[in-house]
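Here is a short report on one protein model. Keep the sequence and the 3D view side by side as you read.

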Amino acid sequence: MTGLYIHVPLCISRCRYCDFYKMTPDEWDNVALFLHCLDVELGRLPADFAPDTVFIGGGTPTALEPADYAKMLESIRRHINLSNVVEFSSEANPGTLTPEKLAAMRDGGINRVSIGVQSFNDKALRLLGRIHESQEAIDGYYMLREAGFDNVNIDLIQSIPGMTPADILADARMLADLGPEHVSYYNLIYEPGTPMTHDRDAGRISPPGDDEEADNYFAVKALLEEAGYGHYEISNFAKNRTRREAGSERRQRSDNRCLHNVLYWQGGEYFGCGPSAHSHWRGRRFGNIPDLQAYCDRLQRDERPFDEVETLSFEEKARETLVMWLRMTEGVDLARFESLTGHHADALCGDAIKSMEEEGLLQRGENRLALSPEALFVCNAVFSELV
Ligand code: SF4
């Protein structure tokens with residue numbers, strides 16, 4: 001599988017925990033120039049590139065007005081062969097949704113929307129610096145349904161300071177009652193330089209301890225599983241289903257897993273367009289400059305929008321794929337891993353695997369290697385032994 005990622009580097013305001021590259025309206029209002037340069041970059045991708053998945057993220061793609069969003073989709077359609085696409089996702093911020101925008105997205109081919117709810121607790125949302133309140137997120141979810149989207153993800157953030165275990169379970173219960181097809185339940189990361197990190201370092205907020213975090217994680221996991229969600233990746237859950245994708249007689253999906261992320265986790269290749277977007281193609285990795293003005297300047301001067309190109313050795317690529325694939329709860333299909341990377345996992349890092357099997361952190365099934373349930377919350381320690 002191959003994928004296309006589009007980074008829309010625009011947000012209404014800056015959330016207090018976020019270090020993604022983005023610009024707010026007072027910093028950048030030339031949306032037309034960004035869309036023009038994105039169009040130029042898309043036009044430079046290989047003519048035979050036909051991705052299986054497209055993911056529009058950011059930033060906030062839904063910060064675009066409906067006509068601008070439609071224009072971006074038109075650029076993608078004009079330059080990219082979409083005949084293989086089974087999943088065409090967009091991120092959405094609940095504070096930016098309108099029926100007109102959702103109609104433009106749906107009419108332009110989007111078939112999956114990931115809505116950044118983060119919490120249904122208004123106090124937590126204010127702490128995070130989100131632009132929306134809980135009710136707006138709920139209204140946005142129903143607006144998506146009314147617009148005809150039948151594949152919706154809700155993002156929730158775990159371990160928000162000040163939330164009690166009861167608050168956290170209330171969030172998860174609210175989510176399960178809404179019943180999206182997919183749930184991403186992410187840990188709050190304290191990125192260097194963000195206001196949340198300053199607050200933590202100054203003692204103004206206190207993140208929960210590891211034991212409390214682990215208890216909350218496993219309690220939410222149990223609640224979601226009880227509600228019919230399969231836990232398929234450390235932070236991701238999906239409802240099973242069998243349905244025919246609209247417009248695709250040829251390919252069907254048997255569940256609601258996010259195929260674009262599965263592609264990342266299983267070592268698939270992809271192009272990324274837009275400022276700060278990364279690509280991984282034919283063993284080379286490159287990242288676009290995280291500066292919207294510089295990105296536009298370069299494309300207007302007919303220069304490439306990235307500086308560094310990293311070429312991974314086959315062994316580096318294999319180790320990276322092993323670690324990413326282990327994030328999936330079903331584990332690594334060892335035969336498929338070998339055919340994809342040219343390495344058998346045991347030949348690559350057999351000593352580390354053996355010792356972690358003895359410690360109960362990794363477990364082996366028939367032709368599979370997976371994290372044990374106990375290792376789900378300490379996966380970084382496992383991964384650091386394997387790279
Ligand atoms: S909306 Fe998303 S990308 Fe924008 S600041 Fe908030 S978390 Fe970051």
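Leaving aside its neighbours within four places in sequence, which residues is threonine 194 in contact with? The answer comes under the second heading.

## About the model

This is a predicted model, so local features need pLDDT of at least 70, side-chain atom pairs count only at pLDDT 80 or more, and totals for chains, interfaces and linings use all residues. Residues are numbered from 1 along each chain as its sequence is written, and side-chain values use heavy atoms, with hydrogens and water left out.

Helices (H or I, at least four residues) and strands (E, at least two) are DSSP runs, numbered from the N terminus.

## Threonine 194

Contact means heavy atoms within 4.5 Å. Neighbours within four places in sequence aside, threonine 194 is in contact with Arg16, Tyr17, Cys18 and Asp19. Threonine 194 lies in the loop between strand S6 (182-187) and helix H7 (195-201).

Burial goes by relative accessible area: buried is under 20%, exposed is over 50%, and partly exposed is in between (1.4 Å probe, protein chains only). Threonine 194 has a relative accessible area of 3%, so threonine 194 is buried. Now compare sequence and space. Threonine 194 and leucine 178 are 16 residues apart in sequence, and their C-alpha atoms are 31 Å apart.

## Around the ligand

A residue is near a molecule if one of its heavy atoms lies within 4 Å of it. By that rule, the residues surrounding the ligand are Cys11, Ser13, Arg14, Cys15, Tyr17, Cys18, Lys22, Gly59, Thr60, Asn93 and Arg130.

Residues also fall into classes. Ala, Val, Leu, Ile, Met, Phe, Trp, Tyr, Cys and Pro count as nonpolar; Asp, Glu, Lys and Arg count as charged; the others, Gly among them, count as polar. The shell around the ligand has 4 nonpolar, 4 polar and 3 charged residues.

## The loop between S2 and H2

Threonine 60 lies in the loop between strand S2 (53-58) and H2. Is threonine 60 buried or exposed? Its relative accessibility is 8%, so threonine 60 counts as buried. Beyond its neighbours within four places in sequence, threonine 60 is in contact with Val8, Leu10, Cys11, Asn93 and Thr96. Isoleucine 138 is 78 residues from threonine 60 in sequence, and the two are 18 Å apart in space, C-alpha to C-alpha.

Glycine 59 also has its place in the loop between S2 and H2. The peptide bond from glycine 58 to glycine 59 is cis, with omega near 20°.

## Two packed helices

Two packed helices are described by the angle between their axes and the distance between the axes. Axes are lines fitted to C-alpha atoms, for helices over the stretch in contact, and angles run from 0 to 180 degrees between N-to-C directions. Helix H2 (residues 66-79) and helix H3 (residues 99-107) pack at about 10°, with their axes 9 Å apart. H2 and H3 are therefore roughly parallel to each other (angles under 35 degrees count as roughly parallel, over 145 as roughly antiparallel, 65 to 115 as roughly perpendicular and the rest as oblique).

Which residues meet? Pro66, Tyr69, Ala70 and Leu73 in H2 meet Glu100, Lys101, Ala104 and Met105 in H3. By class, this contact has 6 nonpolar, no polar and 2 charged residues.

The expected span of a helix is 1.5 Å times one less than its number of residues. Helix H1 (residues 31-43) has 13 residues and reaches 18 Å from its first C-alpha to its last, close to the 18 Å expected. The buried residues in H1 include Val31, Phe34, Leu35 and Leu38. Buried residues of H1 pack against strand S1 (2-8), H2, S10, strand S12 (284-288) and H10.

Helix H8 (residues 210-226) has 17 residues and should span 24 Å; its end C-alpha atoms are 24 Å apart, which agrees. Among the buried residues in H8 are Tyr217, Val220 and Leu224. Glycine 228 follows H8, and its phi is positive, near 100°.

Serine 276 is not a glycine, and its phi is positive, near 75°. Serine 276 is found in the loop between strand S10 (269-273) and strand S11 (278-281). Its relative accessible area is 17%, so serine 276 is buried.

Aspartate 302 is another residue other than glycine with a positive phi, near 65°. Aspartate 302 is found in the loop between helix H10 (292-300) and strand S13 (306-311). At 63% relative accessibility, aspartate 302 counts as exposed.
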